[in-house]
Amino acid sequence: MKKLYFTPGPAELYPTVVTHFQNGLKNHIASLSHRSTEFRNMFKETTADLKQLLGIPDEYYIFFTGSGTEAIERTVQNCVGKYSCHFVNGAFSKRFFTSAMELGKKPKLVDAPLGKGFNLDSVTIPDTTELLCFTHNESSTGVMTPTSEIEKLAKKHKDMLLALDIVSSVPYVDLNYRLYDVVFFSVQKGFGLPAGMGVMIVSPRAIKKSQELVQKGISIGSYHGFPTLLDSAKKSQTPETPPVLHMYVLGRVIKDMLKIGIEKIRNDTEEKAKLLYDFLDTSSVFAAFVEKPQFRSRTVIVAHFAEEKGDVRKKLAEKGFIIGAGYESNKDTQIRIANFPTHSIQDVKKLITELKSV
Ligand SMILES: *Cc1c(COP(=O)(O)O)cnc(C)c1O
């Protein structure tokens, strides 16, 4: 039976990914030295294409890491001497806060109940804050924080750096990058690659901060400190031996997306999200976990259902539709549905038909 993964990461692979891996292997990409001219050309092309796709300014740097979680740690290490401020409304934003604790910082926590958005107009941010940390799309609960709200807050605190986790909303999320200092994602969600690589988009201001921390004798880590990553990136290289084949395939997928056009990808995402929420809002079995439309994620849709309906995921899996479980304590009463570029409008319609028959 054909299976379709609507899980929020790893997810269904992007349709062209298998072919790109096959071609990459055939063409010995996996054996390329990461110091070779071919690799450096690939690095240059992929980072330039990514900048074009997402609208990232030229002066920003692109770094490669092992995962989104690593990017969280690197962000804190390189941008915080002592004080970060974290907006926590689920498991991934909590990870950001916990990383800061574990690294010996003094993070402040601003929280919102699960499934609800923040009221950013009423928060007070301590003046000592060095870095504001947001998770754009909280994949555990399906809450998306509007970027307009984040940017409004950031404009009130121009002296602070701003970090944004876009792991589960890239490439849908449309950012004014100049307002952000560190933005990061991993490749197994919106880009539809196998897991194993993260990407960081870093401002000159964040680089400067990491250099200041070094001067003050504060540890920023070792091989993935921003100054080391920058030295390598300037040579179109990475400090360590990177997953070259992954980088190749990411570059190819970005080219595929450039051909389709980011506008179309974003519009399709909106259309599919609307189909799913319209279904949830009229269903007698399911209901969207996030009530307020302005906080509803377009890319990870979370729904709860009556427990007596039994194992919804199992029923769907029997039809070939693999969807995500609710997060942690909501495992048996919620489902999570990914809406990434790999999922076609037809696929989403088919999924809704199956959900209707539960
Ligand atoms: C999946 C996810 C992460 C973690 O990314 P990994 O690549 O698994 O380390 C972080 N933040 C968000 C919002 C996520 O959805």
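1. Lys 152 is partly exposed in this predicted model, with a relative accessible area of 40%. Its side chain meets that of Glu 149 in a salt bridge, with an N to O distance of 3.8 Å. Glu 149 is likewise partly exposed, at 24% relative accessible area. Both residues belong to helix α5 (residues 147-156), where a spacing of three residues separates them by about one helical turn. An α-helix has 3.6 residues a turn, so residues three or four places apart point the same way.

2. The side chains of Lys 255 and Glu 45 form a salt bridge of 2.8 Å, N to O. Asp 49 lies in α2, so its pairing with Lys 255 in α8 joins parts that are 206 residues apart in sequence.

3. What is the exposure of these three partners? Lys 255 is partly exposed, with a relative accessible area of 24%, and Glu 45 is partly exposed at 39%. Asp 49, at 10%, counts as buried, because the cut-off for burial is under 20%. Through shared partners, salt bridges join Glu 45, Asp 49 and Lys 255 into one network. The count for the model comes to 18 salt bridges.

4. Strand β8 (residues 161-165) is mostly covered, with five of its five residues buried. Leu 161, Ala 163 and Asp 165 are buried on one side, and Leu 162 and Leu 164 on the other, which leaves both faces covered. Strand β5 (residues 131-135) runs parallel to β8 and is joined to it by five bridges; Thr 135 stands opposite Asp 165 in β8. Strand β9 (residues 182-186) also runs parallel to β8, with three bridges between them. In that pairing, Leu 164 stands opposite Val 183 of β9.

5. Helix α4 (residues 91-102) has twelve residues, and at 1.5 Å a residue it should span 16 Å; the distance of 16 Å between its end C-alpha atoms agrees with this. Its buried residues are Ser 93, Phe 96, Phe 97, Ser 99 and Ala 100. These residues cover an arc of only 155 degrees around the axis and therefore lie on the same side of α4. After α4 comes Gly 104, which has a positive phi near 80 degrees.

Note on methods
Residues are numbered from 1 along each chain as its sequence is written. This is a predicted model: local features need pLDDT of at least 70, side-chain atom pairs count only at pLDDT 80 or more; totals for chains, interfaces and linings use all residues. Side-chain values use heavy atoms; hydrogens and water are left out. Helices (H or I, at least four residues) and strands (E, at least two) are DSSP runs, numbered from the N terminus. The expected span of a helix is 1.5 Å times one less than its number of residues. Buried means under 20% relative accessible area, exposed over 50%, partly exposed in between (1.4 Å probe, protein chains only). The arc is that of the directions from the helix axis to the C-beta atoms. Two strands pair if DSSP finds at least two bridges between them. A salt bridge is a side-chain nitrogen of Lys or Arg within 4 Å of a carboxyl oxygen of Asp or Glu.
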